[in-house]
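User: I would like to go through some labels used for this model and see what each one rests on. Please set the value against the cut-off each time.

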Amino acid sequence: MTAKTTASFAPGHRLMLTFLVALCILVACVLSTETNMPTQNMSNKERAELREEARDMFYHAYHAYMENAYPADELMPLSCKGRYRGVTPSRGDMDDILGNFSMTLVDTLDTLVLLGDFTEFEHAVKLVIRDVQFDSDIIVSVFETNIRMVGGLLSAHILAEYLQKHADTMHWYKGELLEMSRELGYRLLPAFNTSTGIPHARVNLRLGMKDPMLKKSRETCTACAGTILLEFAALSRLTGDPIFEVRAHAAMDALWKLRHRGSDLMGTVLNVHSGDWVRRDSGVGAGIDSYYEYLFKSYVLLGDDKYLARFNRHYNAVMKYVSEGPMLLDVLMHRPHAKSKNFMDSLLAFWPGLQVLSGDLKPAVQTHEMLYQVMQMHTFIPEAFTVDFQIHWGQHPLRPEFIESTYFLYRATGDHHYLQVGKRALKTLQQHAKVSCGYAAVNDVRTGKHEDRMDSFVLSETIKYLFLLFSDPQDLIINVDEFVFTTEAHLLPLSIAQLGNATFSFRQSDEHNVLDFMRTCPSSNKLFPEKVRKPLRNFITGSCPRTTAGKRLSALDFQASNADHLRAVYDMGITMVSVGDRSQGKVRLFHSFYNAKSHEEGEMGLQFMQEMLELTKMQSINQLAQLQAVAYATDEKAQDWVALMAGPSHFSPELIGDQFVEGDVMLAQPLRACDETLENAAEAKGKILVAERGDCTFVSKARLAQKVGAVALIVCDNVPGSSGETQPMFAMSGDGKDDVLIPVVFMYSVEFGKLTAVMQRRKQQPLGVRVMQMVEFKRWQLAKAQRQNQTVAATQKPDKEL
């Protein structure tokens, strides 16, 4: 799908905005006809041959599945048999994609139409109607079932009706696939019954959320919850049943409210009941990828401007904090200048394709070029690779994301480089993944060892995008520009926007301003992909340009994950040596004029070191100022005190200066403190209450503690082994209301374990603690030590002589 066709399907300023996106792509297409054309153009004959080879690849895998695995969900290509849930040995959570509902066939139906194989499509539809049923006592992934099964059924229904009108076939079809998708949608709906509206990650197809295995279901990923709307909106508009679209909109709205208001970034894993973030890593890969995709495509498909505004806010944040030249490195959503990982995962390969659709071509070309070099280096793009492009996780399950981006870049630019990239990807699959019974995933790209696995997306996406790449649009039975591709490459028509949904009001939210709707095309004289790729040609081999001496690298701008920065500090005579455990990422810097590239760069290095010292001092002071302390006396006379690190909250009073709260510590019963009252509420008055993180929001626990008369609340972490020494301290967020009047602090597990140990040793008497600022505790201890020294000095002073 290209965004330029959407203007004719939606009214108002959507037309203007879509026109601007189309203009960006149009400029690129015009530029591709200029004199700087790439030298390796592909002939029409070779392209047609590759298209037919892609077709043969599809049938090799499709027939292997139909003859050896159907009606199983997946083909096991090495053992040449089907994978059934509950029959084939379990792979753990990986099997949540399986529901014993012939997933590969359903996922593949629309590919048959694109190939022009109407006879097999009709046969396959009849098989699905006859054999597929959903009344099974099986727990499935809501996300995977939606994108593969609901999306597959909807796309096949739409294309079946299209063939009735335009190919004079399938006149017997009466909408059976649509009814099947409605039934499956209803079986997924119980997952949305949460306090936030964000769906559970899993649901039982027969029992809903009543399955005992789901009683402790709490967490889901951002992509899992945010990749529902396209399919559910289409389902509502095609059936006239609004419940699906309403629930999906509510989930997207709830996710949007959980973004970090300072950075506009999202984490990757959250609690569906409390809305608390469990993992605050923010990037564009696993756990969050298709959330961004569905924000933009929901605007394109449905015409709801708020999704464009939200996409732009997130996109600007990603390009500000996550993007490092062609690389995309995860950061912490609440500390966006801090990198949280030293590797990238292969799922981020979809990002250049999304950038093309949104009209930002230059960074799309750059990231795609980086990924292509990774592919050339390792044969396949490994599941994860480090910032120096070494293998982190060696698997490659024949993912489609890189080929998808290659397709969209070719459609936008017409640059034959992307045909050559596609050819390389196709030949690699043929040489290294093809087996006698389909295509086998690669267990380790270093050894080429196969895995007995062929995911349904190999047929529904990987080979589909290869076929589309080598096909002329006019040769296809349908005009793909009139459709949106879902994240599983299923086809939903743009005309769905015209069906409307009377139960939902599309109004611009007050939380967005006009800037959120504005995008600018890149400079047209830099759009030609070859010009963008050329400086990156040897990016991975390490010969990219060095930082110029004319612009000095400052300590404030330095990032250890940036290869240019590392070269620059090396040229300045600075070496880095790891200190302690490498996993903590601590390094010590050494400067030597002798090692500097030149005298001038040696001077720059000395200045850099001085700046780094000042920066370190400032960071230590700022971190200390934000830290809270839970202090207790270690002796009966309260002479010696120890303070444990704690984090602040955004919703409770701040203890400043010499302010503190003092009281005996008491554990809440139940410890999570999420009920309407506490079992030991009568004893809590005047105490400092302790509650464990989880099941409800931080501020809910605080309100309950305040209600029972506690003078302060300590929230302890529920993740074993977490510590303020190794993990960044964070401030607990609230819900915008200002009704908590008692101090609330957060302690990681290791620090709370120390406090618990002291409490257990003092079973006969309660443990009294003070909650205060850590910096004030340090000052208090220093002042006390000075007074003791003065007292000692006074007692040792000799008597005056008479």
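This is a predicted model: local features need pLDDT of at least 70, side-chain atom pairs count only at pLDDT 80 or more; totals for chains, interfaces and linings use all residues.

User: What makes the contact between H6 and H8, and which residues belong to it?

Analyst: A contact requires heavy atoms within 4.5 Å. H6 contributes Leu178, Ser181, Arg182, Gly185 and Leu188, while H8 contributes Phe232, Leu235, Leu238 and Thr239. By class, the contact has 5 nonpolar residues, 3 polar and 1 charged. Gly counts as polar under this scheme.

User: What makes H8 "mostly covered"?

Analyst: The term buried applies under 20% relative accessible area, and 10 of the 11 residues of H8 are buried. Among them are Leu229, Leu230, Glu231, Phe232, Ala233 and Ala234. Leu235, Ser236, Arg237 and Thr239 are also buried. After H8 comes Gly240, with a positive phi near 80 degrees.

User: How many disulfides does a search of the whole structure find, and how do you know that Cys80 and Cys437 form one?

Analyst: The search finds 3 disulfides. For Cys80 and Cys437, the S to S distance is 2.2 Å, and the cut-off is within 2.5 Å. The pair therefore counts as a disulfide. With 75 degrees about the S-S bond, this link is right-handed. Cys80 is in the loop between strand S1 (74-76) and strand S2 (81-83), and Cys437 is in the loop between strand S16 (434-435) and strand S17 (438-439). These are distant parts of the chain, 357 residues apart.

User: Are Cys80 and Cys437 buried or exposed, or partly exposed?

Analyst: Buried means under 20%, exposed means over 50%, and partly exposed lies in between. Cys80 has 29% relative accessibility and therefore counts as partly exposed. Cys437, at 2%, falls under the 20% limit and counts as buried.

User: Why is the disulfide of Cys221 and Cys224 called right-handed?

Analyst: The torsion about its S-S bond is about 90 degrees, so the disulfide is right-handed. Its S to S distance is 2.1 Å, which meets the limit of 2.5 Å. Cys221 has a relative accessible area of 14% and is therefore buried. Cys224, with 18%, is also under the 20% limit and is buried.

User: Why is the disulfide of Cys674 and Cys696 called left-handed?

Analyst: Here the torsion about the S-S bond is about -80 degrees, so the disulfide is left-handed. Cys674 lies in the loop between strand S26 (661-667) and helix H21 (681-684). Cys696 lies in the loop between strand S27 (688-692) and helix H22 (698-707), so the pair ties together parts that are 22 residues apart in sequence. The sulfur atoms are 2.1 Å apart.

User: What makes Cys674 partly exposed, and why does Cys696 count as buried?

Analyst: Cys674 has a relative accessible area of 29%, between the 20% and 50% limits, so Cys674 is partly exposed. Cys696 has 10% relative accessibility, under the 20% limit, and therefore counts as buried.

Notes. Residues are numbered from 1 along each chain as its sequence is written. Side-chain values use heavy atoms; hydrogens and water are left out. Helices (H or I, at least four residues) and strands (E, at least two) are DSSP runs, numbered from the N terminus. Buried means under 20% relative accessible area, exposed over 50%, partly exposed in between (1.4 Å probe, protein chains only).
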